[in-house]
Amino acid sequence: MHNDFRETCFVSTPTYNPQQLPLALLFTISSDDVRFGLMFFVFGLAFGSFLNVCIHRFPRQLSIVHPGSTCPSCGNPVKPYDNIPVISWILLKGKCRRCKTPIAIRYMLVELLTAIAFLACYWQFGVHFTALKYCLFSFLLIGLIFTDAEHKLLPDAFTLPGLITGLVLSLLVPVEPFLSVFLPQQGTGLSPRLEWRLISLADALLAAMIAAGFIWIVGALWTRFRGVEAMGFGDVKLMAMVGAFVGLKFALLTILLGSLAGSFAGLAIVATVWIKRLRRYASVQRAFASAQNVLRFYQLPFGVFLGASALVVVFFGHQAFAWYWRLYL
Ligand SMILES: [Zn+2]
């Protein structure tokens, strides 16, 4: 009787497995997910922190290794305990410890975004080489987006190594197939392991050239007909990099989304300026002409829209195409 009681007690007592965090149980995520997710997130924070150095120093042509982090205002070296991603920014209330000059919120945003992107890569691709490839791609894109937003520049230091890395990685992680559609059914006679790598590399090269060429032609036409430079050569190199990483289908989707987002931003700017000018001028037409003139000479950082679209395409490109096909099938 006594024994029976003890046995039932043991059975009915909920077994707590220390391997599984209560939070993980709540969302039915395995402990491995939590462990790896946390690892990707923390790595993202660290890479984001490094990215902030690149965003500050690439446009100024300064070395990214030497000297260590300093306050841009007073030149005071940043102590390691003041250099903890996100946390230090919050603890210091966004100010330098010594001179109290505000530290741009960009520092925290870049760290947080990179961490979220790395976590999303793990979520989407698991512990796989693909996840690392897209971590690197997100890293480059976030760097380019913020440098373009701040300096209206897309540094070669991001795009050119990015292009080469994208091409090399296409040999290890296949890009979205395009060329294979045109290949004969019986194959090329090469070993299958070599064949997909070569096709992937060719796809990446082709995508880089077509995406870059497209932006270059549109930019040239725009300059010719509008008389102002709309897109710099930086956008061309950015799209070459994007093409090498994601293949033709997704690169074109990136251009489409980027152009849509850029157009909406342009319209929003015209509308805002128009409303402001309406208060100044009595004439509606005169206010509108003034707003149009502002847009004409305001250089929209197009790289911001292209880069952000490329990020969206990495994580939602497949869903977007599935949705699109469902409209027709
Ligand atoms: Zn300072």
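What is the mean pLDDT of the protein, and what share of its residues reach 70 or more? The mean is 86, and 89% of the residues reach 70 or more; pLDDT is the predictor's confidence in each residue, from 0 to 100. This is a predicted model, in which local features need pLDDT of at least 70 and side-chain atom pairs count only at pLDDT 80 or more, while totals for chains, interfaces and linings use all residues. Residues are numbered from 1 along each chain as its sequence is written.

Let us begin with where to be careful. Confidence is lowest in helix α1 (residues 2-12), with a mean of 41, and highest in helix α7 (residues 156-169), with 97. Over residues 1-16 the pLDDT is below 50, and this stretch has zero contacts in the model beyond near neighbours in sequence. A contact here means that the C-beta atoms of two residues, placed from the backbone, lie within 7 Å. Where pLDDT is low, the predicted coordinates should not be read in detail.

Now for the overall picture. The protein has 12 helices and zero strands, so named because helices (H or I, at least four residues) and strands (E, at least two) are DSSP runs, numbered from the N terminus. Of the contacts with a separation of 6 or more, 71% are between residues 24 or more positions apart. Buried residues make up 31% of the 329 residues. For burial, the count is of other C-beta atoms within 10 Å of a residue's own, with C-beta atoms placed from the backbone: 20 or more is buried, 12 or fewer is exposed, and in between is partly exposed.

Helix α3 (residues 31-57) packs against α5 at an angle of about 140 degrees, with the axes 7 Å apart. The axes are lines fitted to C-alpha atoms, for helices over the stretch in contact, and the angles run from 0 to 180 degrees between N-to-C directions. α3 and α5 are therefore oblique to each other, since angles under 35 degrees count as roughly parallel, over 145 as roughly antiparallel, 65 to 115 as roughly perpendicular and the rest as oblique. The crossing of α3 past α5 is right-handed; a crossing is right-handed if the near helix is turned clockwise from the far one by less than a right angle, and left-handed if anticlockwise. By class, the contact of α3 with α5 has 17 nonpolar, six polar and one charged residues. In this scheme Ala, Val, Leu, Ile, Met, Phe, Trp, Tyr, Cys and Pro count as nonpolar, Asp, Glu, Lys and Arg as charged, and the others, Gly among them, as polar.

Leaving aside residues up to four places away in sequence, Glu-111 touches Leu-45, Gly-48, Ser-49, Asn-52, Pro-85 and Val-86. Its C-alpha atom is separated by 7.3 Å from that of Ala-46, 65 residues apart along the chain. In α3 you will also find Asp-33, which is partly exposed because 15 other C-beta atoms lie within 10 Å. Asp-33 and Gly-126 are 93 residues apart in sequence, and their C-alpha atoms are 8.9 Å apart in space.

α5 also meets helix α6 (residues 129-151): their axes come within 9 Å and cross at roughly 155 degrees. α5 and α6 are therefore roughly antiparallel to each other, and this crossing is right-handed. Among the residues that meet are Val-110, Leu-113 and Phe-118 in α5, and Tyr-134, Phe-139 and Ile-142 in α6. The contact of α5 with α6 has 13 nonpolar, three polar and two charged residues.

Further along, Ala-208 sits in helix α8 (residues 192-226). Ala-208 counts as buried because it has 26 C-beta neighbours inside 10 Å. Beyond residues up to four places away in sequence, Ala-208 touches Leu-163, Ala-240, Gly-243 and Ala-244.

Finally, some backbone details in the loops. In the loop between α3 and α4 (87-91) lies Pro-67, joined to His-66 by a cis peptide bond with omega of about -5 degrees. Gln-61 lies in the loop between α3 and α4 and has a phi near 55 degrees, a positive value in a residue other than glycine. Lys-100, in the loop between α4 and α5, has a positive phi of about 65 degrees although it is not a glycine.
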